[in-house]
Protein chains: 2
Amino acid sequence: MEDNLPLILITNDDGITSPGIRTLVECVMHLGRVVVVAPDSPQSGMSHAVTFTKPLWLKTSDEFKDLNIEAYACSGTPADCVKLAKDQILHRTPDFCFSGINHGSNASVNILYSGTMSAATEAAIEGIPSIGFSLCDHSWEADFSASRPIITHLAENLVEHSLPEYTLLNVNIPKGTEVKGMKVCRQARAKWVERYDKRTDPYGRTYFWLTGEFVNLDSDGGTDEDYLAEGYASVVPVQFDLTSKEGTDFINKHWLWNEE
Amino acid sequence: MEDNLPLILITNDDGITSPGIRTLVECVMHLGRVVVVAPDSPQSGMSHAVTFTKPLWLKTSDEFKDLNIEAYACSGTPADCVKLAKDQILHRTPDFCFSGINHGSNASVNILYSGTMSAATEAAIEGIPSIGFSLCDHSWEADFSASRPIITHLAENLVEHSLPEYTLLNVNIPKGTEVKGMKVCRQARAKWVERYDKRTDPYGRTYFWLTGEFVNLDSDGGTDEDYLAEGYASVVPVQFDLTSKEGTDFINKHWLWNEE
């Protein structure tokens, strides 16, 4: 009987022990048969990295035993978790994939650096309807209470109405106990202004720690950053066909092409 | 006088000793003051990963001394190289960035996994006109002779005509000594069908090696994969605003949204 339920893969980048992934499991477990395959250690900032130059290890995990949820910890990246889950654990393509809840924002250009969003993208490449969820609070003790109804609402919509092929959602939820609602919007143009901390190690060698400040360069309104600042959860539909029409038109018009 | 020349940053993901990056330097060094900042070891498949949970090391390198080119080897990822170059080596935003030549294809969905393309994207986020170059040949002894005129042609166009803001180029060159020409085209819909090799380590633990087969799912024609198969170099203009109009229209129409 269980076999008629949708098969739901859950992963993240903060690792299988994070409070974020536990909250996500609790929010969607009523929607089908949930299987967790998540990194055995934090993988933040790993983006869409995949492991092929070294082997991967996989262990069954008791992390969600109290919820009666099957779980596996993987030595690889979030994208590895999705690939390995499909090929070696589930032995079929899951029906849906949820990634997160990330401890920290993946809005705007942060989607490019995010392991959480890359896991959801990896699922979308496989044709699996998927959503990545993030809370704009880096703390391990972050309060996910305001995230719960949003996640459940969006997950239920995904299971009920799905998404167009080759698209997924990047959902970010503002920090705090009150969220005004949800806004479907676009990715803000923004960037990190890096400042490396230059230090000297005990052996006299110079090393550098990355620090920086996030700067929103987008003043046209209606972006994920705008709505998050106003207290709304941002819902950005995302594609991974990166072809730029503007770039195509530009080089066809302005660049020199030999007749070939 | 040198100060009036464009400042050109060169990086890659195969590491500073790769034949590909040396070829790239040779192809573009007549266009300005070239500085190489590249990983000190191979970083293939690292995608847009950035290092902030541990420090980075940077060493001056003699790798390009014979060409009189300043070079640095970095312990981090390709994206780290671009960030660190700007903040700690160049102390200004370079005028152009070239990444590669990658030993292996970054066409189609491979752009998402690629460290080479993520370095070029990181530059584009900074507003730097940039191109990532890849040869569809994984061999360290790959023959780059047919790549040279293509790279020089495109690099000269970039310096002369630039690109629209927030766009870059993903250039892939077919294997072999003859290339028919260049085609501006779109990213193919394709994916890897994974097959993990399941093995047992000397201590009795099961481990997994990623292997797989690349499958082109796109039959509409005019893609990078199509032109590469026909013997052309593919030039895909790329953006990193991932917002999907199709996904936005779909969820606005079909999903349930509470009035908020």
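This is a predicted model: local features need pLDDT of at least 70, side-chain atom pairs count only at pLDDT 80 or more; totals for chains, interfaces and linings use all residues.
Local features require pLDDT of at least 70, side-chain atom pairs count only at pLDDT 80 or more, and totals for chains, interfaces and linings use all residues. Residues are numbered from 1 along each chain as its sequence is written, with chains lettered from A and ligands numbered from 1 in the order in which they are written.

Chain A can be laid on chain B with an RMSD of 0.0 Å. Superposition was by least squares on the C-alpha atoms of residues with pLDDT of at least 70 in both copies.

At the interface, 65 residues of chain A are in contact with 65 residues of chain B (C-beta atoms, placed from the backbone, within 7 Å). Helix 7 (residues 245–254) of chain A gives the most to its side, with seven residues. Helices (H or I, at least four residues) and strands (E, at least two) are DSSP runs, numbered from the N terminus. Because 100% of the interface residues of chain A are also interface residues in chain B, the copies meet through the same surface.

Strand 10 (residues 206–216) of chain A pairs with strand 3 (residues 56–60) of chain B in the antiparallel sense over two bridges; pairing requires at least two DSSP bridges. Phe208(A) has Leu56(B) as its bridge partner.

Helix 2 of chain A is followed by His91(A), whose phi is positive, near 55 degrees.

Terms used: Two residues are in contact if their C-beta atoms, placed from the backbone, lie within 7 Å.
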